[in-house]
Amino acid sequence: MKPTTQQPYPVYPGPQPQPHYPRYAPGYQPPPGPSMPIARPIGPVPPATPVPAAQSQPQTSPPAAKQEKSNDYVGQLRTLVKSSGIYALSSLAGPLTSLVLAPFLTHALSRDEYGALSVLLSAISLIAGITQLGLGNAFFRAYGYDYESRGERLRVLSTLVGLLLTISIAATLAMSFGASLIALLLFQSAMLTAPVQAAALVVLLQNLSVPGLAWLRAENRPTLYATLSIANLLVGLVATLLYVGPLHLGMTGALLGTASGYAVVVFGMLPVILWEAGLSFDREMAHNMLSFGVPLVASFISVWVLQLSDRYLLSRFGSLAETASYSIAYTLGNVLGVLVISPFNLAWPTTMFSVARRREAPQLFKLIFRWFSVVLLLAAFGLSLAGKFLLEVLFPDSYHGASPVISLVAMSMVFYGIYNVFNVGISIKRKTWYAVVLTAEAAIFNVVLNVVLIPLSGALGAAFSTLLAYAFLSLLAYLVNNQLYPVPFEIGFFLGVLTIGVALYCVAAFLAQSLDPLSTAALYGLTWLAYAVILLLLARPPLQQLIRLRHSLAGRRVKRSL
């Protein structure tokens with residue numbers, strides 16, 4: 001499992017985020033974030049009333065018209081920012097809920113049980129992503145672009161429900177009847193048939209939650225979307241605590257808790273959809289959505305291999321106990337994606353295209369890379385130390401041996417963050433297919449590394465595979481960008497401050513071995529502060545360059561105003 005922006009974080013049971021596709025893949029629909037409202041048809045337009053010639057001229061003076069247009073832009077911007085904040089809140093709730101639930105599960109389940117649960121969650125992500133056939137993304141195009149009238153859009157929604165219901169019921173029945181075979185394939189044991197059947201229920205409810213959540217986003221209802229998403233998470237959290245705790249249902253209970261969260265969305269939105277859209281099925285619309293969505297499945301599989309396949313490979317070439325420790329350490333290291341990379345990815349596309357219009361764009365992208373890499377490295381350094389501390393304080397002793405995985409995963413997140421910046425040329429030059437190819441190459445590279453390193457080093461080998469695969473992906477993106485849209489990224493500066501951070505982290509980890517928890521926390525805090533000071537001193541931008549850029553941008557603004 002590798003770093004991602006919306007999600008990809010579920011190694012603990014709980015409501016899982018929807019499968020996503022590469023950011024620049026054809027037809028990509030961004031994760032919950034800024035979305036433009038889709039206007040509702042307002043009915044037939046009445047016949048125009050004749051207007052006298054004297055009154056036919058616009059009554060608004062040019063300055064007033066400009067002011068009105070400016071106010072309209074400001075209003076749209078405020079709506080966009082408000083919606084983005086609400087969507088970001090709901091996207092953060094999932095990973096935070098998983099982090100809260102993790103210590104409880106590691107104490108309530110054995111390491112083998114938790115490892116098997118991690119493998120099942122990865123399998124659920126794969127099966128759900130395949131059986132959804134990219135229809136979630138296809139719905140946004142059909143609803144917001146291909147069809148305009150209210151009736152047509154409601155038929156699109158109803159057709160989406162019919163497609164997902166048919167596919168999901170077939171997949172659930174196949175998983176239920178073949179549960180013993182799936183258990184043998186995943187765990188070499190038929191004793192885990194019941195958890196596999198519970199996983200089939202999770203797939204069904206997760207797929208059926210897609211239409212309701214997608215509809216709310218398409219209608220630009222961020223508050224209701226966030227409310228329903230958070231209710232999903234809270235119900236899943238409480239149900240998991242109940243099923244695993246007092247009812248002692250183990251892995252099956254954890255999966256039933258996840259299913260309970262999705263059930264809130266399904267039974268909350270499906271009746272509303274049926275009331276509004278009815279039970280119609282349009283074959284032409286179904287073909288339209290399938291032809292758009294099915295090709296995205298290949299992209300999804302590449303992303304899944306890059307992000308989640310190491311769970312299964314570690315359980316096969318290592319052990320379920322190692323898989324459990326790896327899953328915990330991975331999620332602690334993956335917090336960087338939640339706190340830094342996801343918010344950045346929400347704002348980056350708009351900023352990127354705005355900067356790209358300027359003559360000084362390469363220099364601005366250079367400065368953005370410098371400061372974003374500083375933020376990434378500083379956050380990764382601090383979260384690595386904090387994650388190591390939390391692992392030792394909150395989790396059983398049997399999990400403590402996986403602490404090196406935290407820093408390796410955090411560093412993988414750093415490379416994933418700069419990969420998004422390196423993709424600037426792919427996006428500006430509209431060569432989005434490059435991103436799909438690069439992701440597939442990195443996924444294959446990751447599998448090869450896992451097959452070689454896991455038998456040698458177990459969970460540590462899986463973590464190194466994660467790091468090397470994302471470094472490889474970043475390198476490929478950098479080389480492609482140099483051909484499409486050369487930017488003088490400061491690679492030497494990045495590698496230099498990265499080396500300093502690695503050295504400081506190793507020194508702090510060595511000194512903390514003989515300290516009590518309070519002294520360890522103080523040492524980690526001082527080390528992070530020292531690294532922050534070093535980064536700020538080294539990252540000072542050339543003042544003359546900033547002054548030139550400032551004057552240049554100011555001159556362009558004056559020229560436009562004239």
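A salt bridge is defined here as a side-chain nitrogen of Lys or Arg within 4 Å of a carboxyl oxygen of Asp or Glu. The structure is a predicted model, in which local features need pLDDT of at least 70 and side-chain atom pairs count only at pLDDT 80 or more, while totals for chains, interfaces and linings use all residues. Residues are numbered from 1 along each chain as its sequence is written, and side-chain values use heavy atoms, with hydrogens and water left out.

The secondary structure consists of 21 helices and zero strands; helices (H or I, at least four residues) and strands (E, at least two) are DSSP runs, numbered from the N terminus. Of the 562 residues in the protein, 53% are buried. Buried means under 20% relative accessible area, exposed over 50%, and partly exposed in between (1.4 Å probe, protein chains only).

Nine salt bridges are found in the whole structure. In one of them, the side chains of Glu490 and Arg370 meet at 2.5 Å, N to O. This pair links distant parts of the chain, 120 residues apart: Glu490 is in the loop between helix H18 (459-484) and helix H19 (491-511), and Arg370 is in helix H14 (residues 361-394). Both Glu490 and Arg370 are buried.

Another salt bridge joins Arg150 and Glu219, whose closest N and O atoms are 3.3 Å apart. Here too distant parts of the chain are linked, since Arg150 belongs to helix H4 (residues 150-177) and Glu219 to the loop between helix H6 (193-218) and helix H7 (222-244), 69 residues apart. Arg150 is partly exposed, at 21% relative accessible area, whereas Glu219 is buried, at 9%. Arg150, Glu219 and Glu276 are linked in a network of salt bridges.

A salt bridge also forms between Glu360 and Arg359 (3.8 Å, N to O). Glu360 counts as buried, with 10% relative accessibility, but Arg359 counts as exposed, with 67%.

Helix H2 (residues 111-131) has 21 residues. Because 15 of these 21 residues are buried, H2 is largely enclosed by the rest of the structure. Leu133, which follows H2, has a positive phi, near 55 degrees.

Thr106 is found in helix H1 (residues 62-108) and is buried, with a relative accessible area of 3%. Leaving aside neighbours within four places in sequence, Thr106 is in contact (heavy atoms within 4.5 Å) with Tyr114, Ile328, Phe395, Pro396 and Tyr399.

Note on methods:
The expected span of a helix is 1.5 Å times one less than its number of residues.
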